[in-house]
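Please keep the sequence and the structure at hand while reading.

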Amino acid sequence: MFVLALVPRVLWLNAFMTTDEYVWVKRSTQFATALMGGRWADTFVAGHPGVTTTWAGTVGLTARYLLQGSEPSSSLAGFLEKVNSMDPIALDILAAVRWPIALVT
């Protein structure tokens with residue numbers, strides 16, 4: 001049953017972007033950067049319950065960084081900064097952010 005529910009959620013993770021996903025990717029990069037820097041107050045990036053989405057986005061971005069096979073000189077912080085400066089967000093990055101949400105759902 002889990003696989004049947006997962007398949008339609010993961011087939012086209014990089015097909016399109018909804019209007020608010022840009023904001024959630026940015027919030028996830030801000031959350032992860034604050035978390036890595038030990039700036040706990042800065043992990044609060046929205047005044048409403050978006051915690052699960054932000055955490056899942058952080059997991060997806062971290063997994064994307066670890067799996068991309070980047071140069072040893074690049075850091076997670078540098079990767080997050082690069083993602084945060086993207087406008088629009090690259091669809092492969094968006095797919096990475098969507099994976100954890102698809103799995104949780």
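## The largest pocket

The lining of the largest pocket is made up of 10 nonpolar, 3 polar and 3 charged residues. The model is a predicted one, and in it this pocket has a volume of about 290 Å³. Of the 16 residues that line the pocket, L13, E21, R98, I101 and A102 are the closest to its centre. The elements that each contribute two or more residues to the lining are α1 (2-10), α2 and α5 (91-104), and α5 gives the most, with 5 residues.

E21, one of the residues closest to the centre of the largest pocket, has its place in helix α2. Is E21 buried or exposed? The relative accessibility of E21 is 16%, and because buried means under 20%, E21 counts as buried.

When residues up to four places away in sequence are not counted, E21 touches F16, L94 and R98. Of these contacts, R98 is also listed among the lining residues closest to the pocket centre.

## K26, a buried lysine

K26 is likewise found in helix α2, which covers residues 21-36. This lysine is buried yet has no salt bridge. How far away is the nearest side chain of opposite charge? That side chain belongs to D87 and is 6.5 Å away from K26, whereas a salt bridge is counted within 4 Å.

Leaving aside neighbours within four places in sequence, K26 is in contact with V83, N84, S85, M86 and I89.

## The cis peptide bond at P88

D87, the residue with the nearest side chain of opposite charge to K26, is also part of a cis peptide bond, which runs from D87 to P88 and has omega near 5°. P88 itself lies in the loop between α4 (76-84) and α5, and α5 is the helix that gives the most residues to the lining of the largest pocket.

## W40, an exposed tryptophan

W40 is found in the loop between α2 and α3 (51-67). The relative accessibility of W40 is 58%, and since exposed means over 50%, W40 counts as exposed. Between the C-alpha atoms of W40 and T52, which are 12 residues apart along the chain, the separation is 17 Å.

Note on methods: Residues numbered from 1 in each chain as written. Predicted model: local features only at pLDDT ≥ 70, side-chain atom pairs only at ≥ 80, totals over all residues. Heavy atoms only, no water. Helix = DSSP H or I, 4+ residues; strand = E, 2+ residues; numbered from the N terminus. Buried < 20%, exposed > 50% of the residue type's maximum accessible area, 1.4 Å probe, protein only. Lys, Arg positive; Asp, Glu negative; His and termini not counted. Contact = heavy atoms within 4.5 Å. 1 Å grid on protein atoms, 1.4 Å probe; cavity = no way out; pocket = protein on both sides within 12 Å on 5 of 7 lines; lining within 4 Å. Points joined across faces, edges and corners; volume = space filled by probe spheres on them. Nonpolar A, V, L, I, M, F, W, Y, C, P; charged D, E, K, R; others polar.
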